[in-house]
Amino acid sequence: MEFHPLIPRKDWRDEWKRLGYSVELLNKYWIEDADQPFCISFERAEIEDVLIPATQDLNEMVLKLVDYICTSSHSDQLLDRMRVPIFFREAVRKSWQRRDDSIYGRFDFAYDGNSTKLLEINFDSPVMILETAILQKRWCDEAKHQTLIPKSATQFNRVDENLIAAFRKYCKSTEKIHFSSFYSAEDEQAALYIQSKAKSAGFDVVFGHADRFGIDESGGLIDAADTRVTQLFKLYPWTVLQEEDEAIQKNVGKFVFTEMVESGRVRFFEPAWKFLASSKATLAMLWEMAPKNKFLLETHFEDGTGASELLKDKAHVKKPIFGRGGESVSIVFPDQPKQSELVAGDYYGEEGFVVQEYTPLPIYMGHHVVVGSWVVNGKPSGVGIRADRSRITGDGALFVPHYVTD
């Protein structure tokens, strides 16, 4: 893996605007708008012999762990450790027992060309997929045309075509697919991109923000036009949905989303079992399952036991189990407290924390680089890279395009 100074394309803003993307949003994190833009190159062997095998290995491990949690004779104890509320546990188990289909997910790696270590698993509502699938691919094509990178360069990026294949494989063609997100521009743009892939796959699609859906008298999910929802892609974490369902139960006396999952009346993408494959608790459970796996960092629940306390004597990262965007994450150097770092936040953390062995990220021009590896339609499908001046990758991280050489 090598870093290269990047000459911005003069017309990149005009191009994105013509394609219908939010230039104002891209100005916040697209690398060509940075003071010192750069890109990254990989040798083909790094992709084929390192990143793809790591992604395949870890994806299989995650699915094996989910199966163990959902089918074990002590499933409830395991779900308790995963912080799954009691009322939602049967929904998670049934979702897995049906093998509810999954469209996508992302592993985040600390990768420096020699070592590949798993930092996080984002398997429920990951973003930066539009940037990975479309924006960096167009950058690669035009950068070659303008001789900004070698004309022989390629890119590990099959996200777009694999999304289309996933919708054709997993969705019912006779039924409309609804799409939803928060009101944030980043989430909305990602959801609309994924919706466009379902449309390319031949589906009738409709978009609505999360608060535009309702419940009819029979307990079914309906959109703003009172149309019954049977297939829903939600860029909306299950941790939030189960919190909302708990609030609904207190107000009307019954769980709504939980029943939808248990009955299977709505096909959710991503499915409810992804609750287990997206929390930081998964990192601790994977370590317990395979502590010698070369891709894993030592990780434990912060529970006051010997293992977690011993780990806290060394450089470590403390992460809330249900965190997003780096909020409430801290990097702690016990011997050098002034070097420690914290991203403040008060939304996450009540559910508990995990502590993870600290591993440094590659640094270029003051940016700490994280390599995201996408799984789409069950296959390693592409690389998306983020770079942050903080060692804790947050919502303000830059997106860095890559290319591959032979």
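What percentage of the 406 residues in the protein chain is buried? In this predicted model, buried residues account for 57% of the 406.

Let me turn to the overall form. The protein chain contains 12 helices and 20 strands. Its C-alpha trace spans about 60 × 55 × 35 Å along the principal axes. The radius of gyration is 21 Å, which agrees with a compact globule, because such a globule of 406 residues would have a value near 22 Å. As to contacts between residues at least 6 apart in sequence, 70% of them join residues that are at least 24 apart.

Next, the interior. In soluble globular proteins, nonpolar side chains tend to be buried together. Here the largest nonpolar core has 123 residues, and F42, F167 and L276 have the most contacts inside it. Helix α3, residues 44–71, contributes the largest share of this core, with 11 residues. Another core lies apart from it and has 6 residues, among them V317, I331, Y358 and I392.

Which residues are in contact with F42, leaving aside its neighbours within four places in sequence? They include M1, I47, L51 and Y111, and also V371, V383 and I385. H402, Y403, V404 and T405 are in contact with F42 as well.

Finally, the surface and the charges. The protein chain exposes about 17,400 Å², of which carbon and sulfur atoms supply 48%. There are 49 positive and 62 negative side chains, and the centres of these two sets lie 3 Å apart. Thank you for your attention.

How values were computed: Residues numbered from 1 in each chain as written. Predicted model: local features only at pLDDT ≥ 70, side-chain atom pairs only at ≥ 80, totals over all residues. Heavy atoms only, no water. Helix = DSSP H or I, 4+ residues; strand = E, 2+ residues; numbered from the N terminus. Rg over C-alpha atoms; globule rule 2.2 N^0.38 Å. Buried < 20%, exposed > 50% of the residue type's maximum accessible area, 1.4 Å probe, protein only. Contact = heavy atoms within 4.5 Å. Areas by Shrake-Rupley, 256 points an atom, 1.4 Å probe, with all protein chains shown as cover. Lys, Arg positive; Asp, Glu negative; His and termini not counted. Charge placed at Lys NZ, Arg CZ, Asp CG, Glu CD. Core = buried A, V, L, I, M, F, W, Y, C linked by side-chain atoms within 4.5 Å.
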